[in-house]
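Subject: Structure handover

Hello,

Here is the structure I said I would pass on. My notes on it follow below the entry.

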Amino acid sequence: MNAERVDAYKCDICGTTYITKLMAEKCCEKKHCKYCGKELPHKYYFLACPNCREKHKYDNYRRMTYEEYIKEFPGYPVGYEDSDYIEFGMEDLLEYIRDDLSDEEWYKLQYVIGYDMYYAEIDAESVLENIEEDQYEDFEFDETGRKEFIDFVNKWNEKYRKPVYVEAKILIEIPKELKEALN
Ligand SMILES: [Zn+2]
Ligand SMILES: [Zn+2]
């Protein structure tokens, strides 16, 4: 293998090097919160300061009633903000939350979080491609062999894939009567 020299750029404040001038210039550039204009901490990843992030956290969330949620996402769990705790029914979740919160927090609580689901499964194409990429250029498995492998993996997926749930940008109104029952 031959090595070639490249020019790199260095941030003149912290000394980190980058491939492009633009990245080096942006490195220690001062950034400001998009809501309140306060200067953001160095190398801070978000566009808004921690306070404003908290305040605007749910701005782009969908709001739904529980009825709408179970109609649109049947069998999906509901969760409790900032915890990984999920339940497949609102009543079970509320019982858990009731135990976990102080009275004050409980009375203030109006929403729980909706979840999204995907399957943890094997991507046959990318398994093959990973192996092919590591070989000499233009290496490819036999076309029939590829197809057989993909068919096999698809059958395996149908049998063994597992649902994984992740927080979605959905706020679900807690039904009044369910909440009152626990007051
Ligand atoms: Zn820097
Ligand atoms: Zn701010």
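R62 is bridged to I170 of β7, and M64 has I172 as its bridge partner in that strand. The model is a predicted one, so please read everything here with that in mind. The pairing of β3 with β7 is parallel and consists of four bridges.

β7 also pairs with β6, here in the antiparallel sense and over nine bridges. One of the positions to look at is V112, which stands opposite I172 in β7.

Next, the core. Which residues make up the largest nonpolar core? There are 11 of them: Y69, V78, L93, L94, I97, V112, I113, Y115, I170, I172 and I174. At least two residues of this core come from each of α4 (90–100), β6 (111–120) and β7 (162–173).

If neighbours within four places in sequence are left aside, its contacts are V78, G79, Y80, E81, E167, I170 and L171.

Is L178 buried or partly exposed? L178 counts as partly exposed, because 15 C-beta neighbours lie inside 10 Å, and a residue needs 20 or more to be buried. Not counting residues up to four places away in sequence, L178 touches M90, E91 and L94. From L178 to G75 the C-alpha to C-alpha distance is 19 Å, and the two are 103 residues apart in sequence.

Last, the domain division. The protein is split into domain 1 (31–58) and domain 2 (124–160). Taken over C-alpha atoms, the centres of domain 1 and domain 2 are separated by 44 Å.

Regards

Definitions and conventions:
Residues are numbered from 1 along each chain as its sequence is written. Chains are lettered from A and ligands numbered from 1 in the order in which they are written. This is a predicted model: local features need pLDDT of at least 70, side-chain atom pairs count only at pLDDT 80 or more; totals for chains, interfaces and linings use all residues. A nonpolar core is a set of buried Ala, Val, Leu, Ile, Met, Phe, Trp, Tyr and Cys residues joined through C-beta atoms within 7 Å. A residue is buried if 20 or more other C-beta atoms lie within 10 Å of its own, exposed if 12 or fewer, and partly exposed in between; C-beta atoms are placed from the backbone. Two residues are in contact if their C-beta atoms, placed from the backbone, lie within 7 Å. Two strands pair if DSSP finds at least two bridges between them. Domain bounds come from an automatic or database domain assignment.
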